[in-house]
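Please examine the structure shown below. The paragraphs that follow lead through its aromatic contacts and one of its helices.

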Amino acid sequence: MNRLELSLTAEETDTETETTANSVAKSGSELAQGCDGSVLIDSTKGNTTEKDSPANVILRGYEIIDQAKQAVENQCPGVVSCADIIAMAARDAVHWAGGVFYEVPKGRKYGRRSKIEDTINLPPATLNSSALISLFGRRGFSVQQMVALSGGHTLGVARCSTFKNRLSKFDSKNDVDPALDPTYAKSLQQTCSAGDDTQAPFDWTSTSFDNQYFKAVQSNAGLLTSDQTLFGNPTTRAIVNYYAMNQAGFFYDFSQAMVKMGQLDVKEGDQGEVRLDCRKIN
């Protein structure tokens with residue numbers, strides 16, 4: 001198992017424009033039950049799973065994980081879990097998008113539980129910095145690691161429904177969130193006039209893994225409340241400024257935090273299983 005590696009090809013990454021961001025997002029969504037692949041399980045008549053939670057509705061690219069699982073099963077059946085495949089796909093996606101390559105510990109097993117209510121542990125888009133620090137802290141992450149993981153938003157998009165509250169009727173004194181750059185706010189309003197499911201990128205280079213996310217936050221162009229809030233807290237602001245200036249530092253801290261994320265509540269031995277189908281419990 002320690003010598004197993006999975007690599008997405010450049011062609012796969014280019015043809016599936018959302019796969020890169022969503023591989024990272026799937027790995028991040030494991031904050032709910034630990035890194036056990038629970039987000040991959042399909043809902044049934046008697047159970048609505050994490051996959052169908054509003055917090056995970058933006059996720060795509062499940063078929064890429066399915067294809068990787070089938071390829072691995074053809075070589076070593078019943079050995080490699082989809083939890084390991086998610087972790088490796090996230091790492092490879094970051095690498096293909098221009099980010100850092102890091103070693104992924106392997107040997108995880110699939111959990112046997114996936115319920116929509118478990119996604120309450122996922123950070124909603126409206127959290128402020130204090131709530132983010134508390135939430136990630138309960139899972140053993142430092143403030144710096146939380147900000148580094150937030151930098152995963154350098155890839156991908158968000159639906160207007162997750163940030164439209166910032167664009168009109170924000171509060172009793174402001175129609176638009178005052179923490180939002182006015183020009184950027186107008187651009188988002190125009191984008192979201194097409195409906196709640198319309199998507200907007202987190203930064204200006206949304207298919208490249210870089211430090212532009214932190215530069216956007218510096219410019220009051222953090223897309224979600226939970227993005228821009230990082231610049232309103234003196235402690236997290238200092239980290240944002242550091243990563244905006246030092247991309248290599250961000251890459252290193254992000255890789256270390258992702259490895260730590262991948263080791264949350266790992267299922268081993270009788271605690272888990274290796275599924276034949278990523279979408280179903282054996």
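Which residues form one aromatic cluster? In this predicted model, the cluster consists of Phe209, Tyr213, Phe214, Tyr242, Tyr243, Phe250, Phe251 and Phe254.

Across the whole structure, a search finds 11 aromatic pairs. One of them joins Phe209 and Phe251 in a tilted arrangement, with 5.5 Å from centre to centre and 45 degrees between the planes. Because Phe209 belongs to the loop between β2 and α8 (212-218) while Phe251 belongs to helix α11 (residues 247-261), this pair ties together parts that are 42 residues apart in sequence. Phe209 also pairs with Phe254; this pair is likewise tilted, at 4.9 Å centre to centre and 55 degrees between the planes. Phe254 lies in helix α11 and Phe209 in the loop between β2 and α8, so the second pair connects parts 45 residues apart in sequence. Phe209 and Phe251 are both buried, and Phe254 is buried as well.

Rings also meet charged groups. The charged end of Arg237 sits over the ring of Phe231, 5.7 Å from its centre, and that of Lys260 sits over the ring of Phe141 at 5.2 Å from its centre.

Attention now turns to helix α7 (residues 182-192), whose buried residues are Tyr184, Ala185, Leu188 and Cys192. These residues lie on the same side of α7, because they cover an arc of only 100 degrees around the axis. The buried residues of α7 pack against β2 (199-201). On the face turned away from that buried side are the exposed residues Pro182, Thr183, Lys186 and Gln190.

Notes: Residues are numbered from 1 along each chain as its sequence is written. This is a predicted model: local features need pLDDT of at least 70, side-chain atom pairs count only at pLDDT 80 or more; totals for chains, interfaces and linings use all residues. Side-chain values use heavy atoms; hydrogens and water are left out. Buried means under 20% relative accessible area, exposed over 50%, partly exposed in between (1.4 Å probe, protein chains only). Helices (H or I, at least four residues) and strands (E, at least two) are DSSP runs, numbered from the N terminus. The arc is that of the directions from the helix axis to the C-beta atoms. Contact means heavy atoms within 4.5 Å. Rings of Phe, Tyr and Trp (its six-membered ring) pair if their centres lie within 6.5 Å; planes under 30 degrees apart count as stacked, over 60 as edge-to-face and the rest as tilted. A charge sits over a ring if NZ of Lys or CZ of Arg is within 6 Å of the ring centre and within 35 degrees of the ring normal.
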